[in-house]
Amino acid sequence: MISLSIKLRKIMVEHVVTIGADCTVRKAAELMNEHQISCLIVVENEKPVGIVTERDMLNRIINKPRQPEKTTVREIMTSPLTVASPEMRAGDAAKLMLERNIKKLPVTENGLLVGIVSLTDLLRCQGVLKFLKDRKSVV
């Protein structure tokens with residue numbers, strides 16, 4: 001088990017799949033399917049500017065309806081992006097994700113994307129489940 005005090009640098013996934021803001025939602029879906037992932041970080045000039053998730057596609061494409069071949073990622077991405085530092089502790093990241101109701105947390109350093117942490121990654125940390133249960137009873 002990993003401790004809540006461990007820094008994100010130690011647990012983040014460093015290979016993050018990204019997409020340009022002007023790419024189509026169809027291209028985003030193809031990338032997500034190819035890599036078997038549930039989100040893409042949207043970048044402009046190598047800097048993260050948003051995130052597009054499966055839920056974004058369901059809510060903003062399928063339920064509208066809009067055409068994925070004609071709609072850009074910029075039109076459906078969630079922005080501004082909530083990010084963390086590689087030096088943030090896992091417990092603080094879990095708290096931030098709970099407060100913001102997010103499941104993926106991009107990690108940036110000097111404005112550049114260096115990794116991503118998911119709620120699943122954090123659940124592997126010792127004490128996170130208890131921390132989240134305690135927070136839920138307070139909220």
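This report describes the fold, the sheets, the helix packing and the cores of one predicted protein model.

## Basis of the model

The model is predicted: local features need pLDDT of at least 70, side-chain atom pairs count only at pLDDT 80 or more, and totals for chains, interfaces and linings use all residues. Residues are numbered from 1 along each chain as its sequence is written, and side-chain values use heavy atoms, with hydrogens and water left out.

## Overall fold

The protein chain contains 7 helices and 7 strands. These elements are DSSP runs numbered from the N terminus, where helices are H or I runs of at least four residues and strands are E runs of at least two. Along the sequence, their pattern is β-α-β-α-β-β-α-α-α-β-β-α-β-α.

Of the 139 residues in the protein chain, 37% are buried. Buried means under 20% relative accessible area, exposed means over 50%, and partly exposed lies in between (1.4 Å probe, protein chains only). The chain exposes about 8500 Å², and carbon and sulfur atoms supply 50% of this area. Accessible areas come from the Shrake-Rupley method with a 1.4 Å probe; for residues, only the protein chains shown count as cover. Among contacts between residues at least 6 apart in sequence, 58% join residues at least 24 apart; contact means heavy atoms within 4.5 Å.

## The three-stranded sheet

An open sheet of 3 strands has the order β2-β3-β4, and its pairing is mixed. Two strands pair if DSSP finds at least two bridges between them. The edge strands, each of which pairs on one side only, are β2 (18-20) and β4 (47-53). Neighbouring strands of the sheet are turned by 40° against each other on average, direction ignored.

Strands β2 and β3 pair in the parallel sense over 3 bridges. The bridge partner of I19 in β3 is V42.

Strand β5 (residues 104-109) pairs with strand β6 (residues 112-118) in the antiparallel sense over 6 bridges. K104 has S118 as its bridge partner in β6, while E109 stands opposite L112. The hairpin has 2 residues between its strands, and N110 takes a positive phi near 55°.

T108 is found in strand β5 and is buried, with a relative accessible area of 14%. Not counting residues up to four places away in sequence, T108 touches P48, V83, A84, S85, P86, L113 and V114.

The buried residues of α5 are A90, G91, A93, A94, L96 and M97. Just after α5, N101 takes a positive phi of about 55°.

I102 lies in the loop between α5 (90-100) and β5. I102 counts as partly exposed because its relative accessibility is 23%. Leaving aside neighbours within four places in sequence, I102 is in contact with T82 and M97. I102 and L119 are 17 residues apart in sequence and 8.1 Å apart in space, C-alpha to C-alpha.

## Packing of α2 against α3

Two packed helices are described by the angle between their axes and the distance between the axes. For α2 and α3, the angle is about 145° and the axes are 11 Å apart. Axes are lines fitted to C-alpha atoms, for helices over the stretch in contact, and angles run from 0 to 180 degrees between N-to-C directions.

At this packing, V25, A28, A29 and M32 in α2 meet E54, M57 and I61 in α3.

## The nonpolar cores

A nonpolar core is a set of buried Ala, Val, Leu, Ile, Met, Phe, Trp, Tyr and Cys residues joined through side-chain atoms within 4.5 Å. The largest core has 15 residues, and those with the most contacts inside it are I19, L40, V42, V52, M57 and V73. The elements that give two or more residues to this core are α2 (25-35), β3 (39-44), α3 (54-62) and α4 (73-76). The largest share, 4 residues, comes from α2. Apart from this core lies another, of 14 residues, among them M12, A93, L96 and L122.

Leaving aside neighbours within four places in sequence, I19 is in contact with T24, K27, A28, L31, L40, I41, V42, V43 and V73.
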